[in-house]
Structures are given as structure tokens and as C-alpha cells.
Amino acid sequence: MSMKENLENLAGTMKRWQKLENAAIAQTARIMEETEHPLIRAVMEVIQNDAKNHYAIQQLIIDIVEKEYVNVFTDDLVKVWDSIEKHIQLEKKTIEMADESLKALEGSKNVVQLYLLDYLRADEEKHDKLLADLDRIKKAMYP
């Protein structure tokens, strides 16, 4: 299969995936209408917001494939890298705080708090990985 065909398939997959994200957004909205429970509502809001973010990233992939390739230049990264490094430190501190909080509840039966803290830690780790991967792009471009 040619690169052009691969990219067309990728765009098609992203469009189908966006339909699933839209379904997830609608479904979480219906679930939130059915309950006033704060934990269930919070989980549905998180999933809904993530689905909206996923949709936006999928659209970026589609646009890159179908409209205009996005180049990353070293100047783009260098211009904001000091701020990004500060943010990396913030993310590391939030992971430490999550670890601290989880340790404080170690051995407890506070399942709701543990559930929420596990989620927060995983999400902060995801942010840390996004930034670390961006750093790898920068280093690959500008060793």
C-alpha cells in the first residue's frame, strides 16, 4: 500500500473514531441526566471532556493528512521551552502529591478516595509523558 493510501486510511479511521467519541459524549450526557450522584457525575464529566479532547486531536490528525502537514521547527520549541520546562516541574510535583496522598490512605478502606487519587495520578503521569515525548521530538530535531 502506498503512503498516500495509508494516510487516506488513517484519515478515514480518525473520522470513524470521531463518531465513537461523539457517541461517548452523548452517552455520558444521558448518564449525567439520570443521576445526581456526585461521583458518577464527576466520572462522566471526565470521560466526556476526554472524548472532546480526543475528537480535537483526531481532527488535527485529519487536517494534517488532508489539508496541511504540520512542521515542527526548533524555533517553535525553543521559543517556549523555558515555560514548558517549568510546567514539567509542576507535573512532577503533582505526581509526588498524588503519591503522598495515596500513601496517606494506604491500608484504608477509603475506596472512593483511592479510586479518585489513582485517576488523578494516572492523568498527571499522562501529562508528564506528553511533555517528555515533546522533549524527545525537540532532542531529535536539535541534539
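Visitor: Of the contacts in the chain with a separation of 6 or more, what share do residues 24 or more positions apart account for?

Guide: This is a predicted model, in which local features need pLDDT of at least 70, side-chain atom pairs count only at pLDDT 80 or more, and totals for chains, interfaces and linings use all residues. Residues are numbered from 1 along each chain as its sequence is written, and side-chain values use heavy atoms, with hydrogens and water left out. A contact here means heavy atoms within 4.5 Å. For contacts with a separation of 6 or more, the share from residues 24 or more positions apart is 67%.

Visitor: Which element of the chain has the highest mean pLDDT?

Guide: pLDDT is the predictor's confidence in each residue, from 0 to 100. The chain averages 95, and 99% of the residues score at least 70. Among the elements, H4 has the lowest mean, 93, while the highest, 98, belongs to H2.

Visitor: Which pattern does the chain follow along the sequence?

Guide: Helices (H or I, at least four residues) and strands (E, at least two) are DSSP runs, numbered from the N terminus. The chain holds four helices and zero strands. Read along the sequence, the pattern is therefore α-α-α-α.

Visitor: Why is the chain more spread out than a compact globule, and what is its radius of gyration?

Guide: The radius of gyration is taken over C-alpha atoms, and the globule rule is 2.2 Å times the number of residues to the power 0.38. The C-alpha atoms fill a box of roughly 55 × 40 × 25 Å along the principal axes. For 143 residues the rule gives 15 Å, and the chain is more spread out than a compact globule because its radius of gyration is well over that, at 19 Å.

Visitor: How much of the accessible surface belongs to carbon and sulfur atoms?

Guide: Accessible areas come from the Shrake-Rupley method with a 1.4 Å probe, and for residues only the protein chains shown count as cover. The accessible surface of the chain comes to about 10800 Å². The part belonging to carbon and sulfur atoms is 59%.

Visitor: Which residues does Ile 84 touch, not counting residues up to four places away in sequence?

Guide: Ile 84 is one of the five residues of the largest nonpolar core. With residues up to four places away in sequence left out, Ile 84 touches Leu 131 and Leu 134.

Visitor: Is Thr 28 buried or exposed, and which residues does Thr 28 touch?

Guide: Thr 28 has its place in helix H1. Its relative accessibility is 5%, so Thr 28 counts as buried. Not counting residues up to four places away in sequence, Thr 28 touches Met 44, Ile 47 and Gln 48.

Visitor: How many salt bridges does a search of the whole structure find, and how far apart are the closest N and O atoms of Glu 66 and Lys 15?

Guide: A salt bridge is a side-chain nitrogen of Lys or Arg within 4 Å of a carboxyl oxygen of Asp or Glu, and the search of the whole structure finds 10. One of them joins Glu 66 to Lys 15, linking distant parts of the chain: Glu 66 in helix H2 (residues 38–66) and Lys 15 in helix H1 (residues 3–34), 51 residues apart. Glu 66 is partly exposed at 46%, and Lys 15 is partly exposed at 37%. The closest N and O atoms of Glu 66 and Lys 15 are apart by 2.7 Å.

Visitor: With which residue does Lys 126 form a salt bridge?

Guide: The closest N and O atoms of this pair are 2.9 Å apart. Both residues lie in helix H4 (residues 111–141), three residues apart, about one turn of the helix.

How values were computed: Buried < 20%, exposed > 50% of the residue type's maximum accessible area, 1.4 Å probe, protein only. Core = buried A, V, L, I, M, F, W, Y, C linked by side-chain atoms within 4.5 Å.
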